[in-house]
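Visitor: I am new to reading structures. Could you walk me through one?

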Amino acid sequence: MRWMGFTAAAAAFFVLGAVATSGTARADGDATAGQVIFKKCALCHSPDTGVNKIGPSLHGIVGRHSASIANFNYSPAMKAFDKTWDAAQLDTYLTDPKSVVPGTKMIFPGLKEEKDRQDVIAYLSTLK
Ligand code: HEC
């Protein structure tokens with residue numbers, strides 16, 4: 001009956017392989033790739049708590065309310081925006097900042113590739 005053991009091992013190998021493959025095929029972003037994309041943001045944004053540059057600190061941004069860093073001077077447009085930065089809201093905003101928040105002083109053309117946005121949002125979720 002040794003062949004049965006072999007079949008079970010082969011089946012287990014097959015299942016594990018399938019799980020690993022579907023894992024990489026998921027749509028969720030890749031935080032490591034996102035950290036590289038964040039270089040485009042880092043000119044203006046720090047990932048550290050309490051460090052504002054041209055833009056506010058992005059520490060804890062995922063789940064944070066818009067315009068909620070007390071010592072950052074937001075534009076009237078961003079103050080009026082009044083939304084929570086969840087992944088979906090960030091995705092919309094980062095596609096084209098100035099059309100989502102007309103009058104924002106974030107001078108950034110946006111990330112046109114969905115994968116870039118998903119990756120950078122995955123990285124932003126690690127900043128907590
Ligand atoms: C040229 C500078 C600049 C770049 C580059 C930039 N930002 Fe900004 N960002 C700003 C400024 C300034 C604000 C404040 C906007 C306002 O008050 O209208 C802002 C605001 C934001 C906010 C809202 C923060 C809050 O507290 O409500 C998010 C989220 C954000 N930026 C994410 C990003 C990400 C992610 C990138 C890179 C993909 C990026 N920004 C690139 C300057 C920049």
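Predicted model: local features only at pLDDT ≥ 70, side-chain atom pairs only at ≥ 80, totals over all residues.

Guide: Start with R64, which is buried (under 20% relative accessible area, with a 1.4 Å probe and protein chains only). Residues are numbered from 1 along each chain, and side-chain values use heavy atoms, with hydrogens and water left out.

Visitor: Which backbone oxygen does the side chain of R64 reach at 2.9 Å?

Guide: A polar contact is a pair of N or O atoms within 3.5 Å; within protein, one must be able to donate a hydrogen and the other to accept it, and residues adjacent in sequence count only if both atoms are side-chain atoms. Here the R64 side chain reaches the backbone oxygen of S57. The backbone oxygen of H59 also lies 2.9 Å from a polar atom of that side chain.

Visitor: What does R64 touch, not counting residues up to four places away in sequence?

Guide: Contact means heavy atoms within 4.5 Å. The list for R64 includes P56, I69, Y74 and W85.

Visitor: Which atom of the ligand lies 2.5 Å from a polar side-chain atom of Y74?

Guide: An oxygen atom. For W85, a side-chain N or O atom is 2.8 Å from a ligand oxygen. The side chain of T104 also has an N or O atom 2.8 Å from a ligand oxygen.

How values were computed:
Buried < 20%, exposed > 50% of the residue type's maximum accessible area, 1.4 Å probe, protein only. Lys, Arg positive; Asp, Glu negative; His and termini not counted. Salt bridge = Lys/Arg side-chain N within 4 Å of Asp/Glu carboxyl O.
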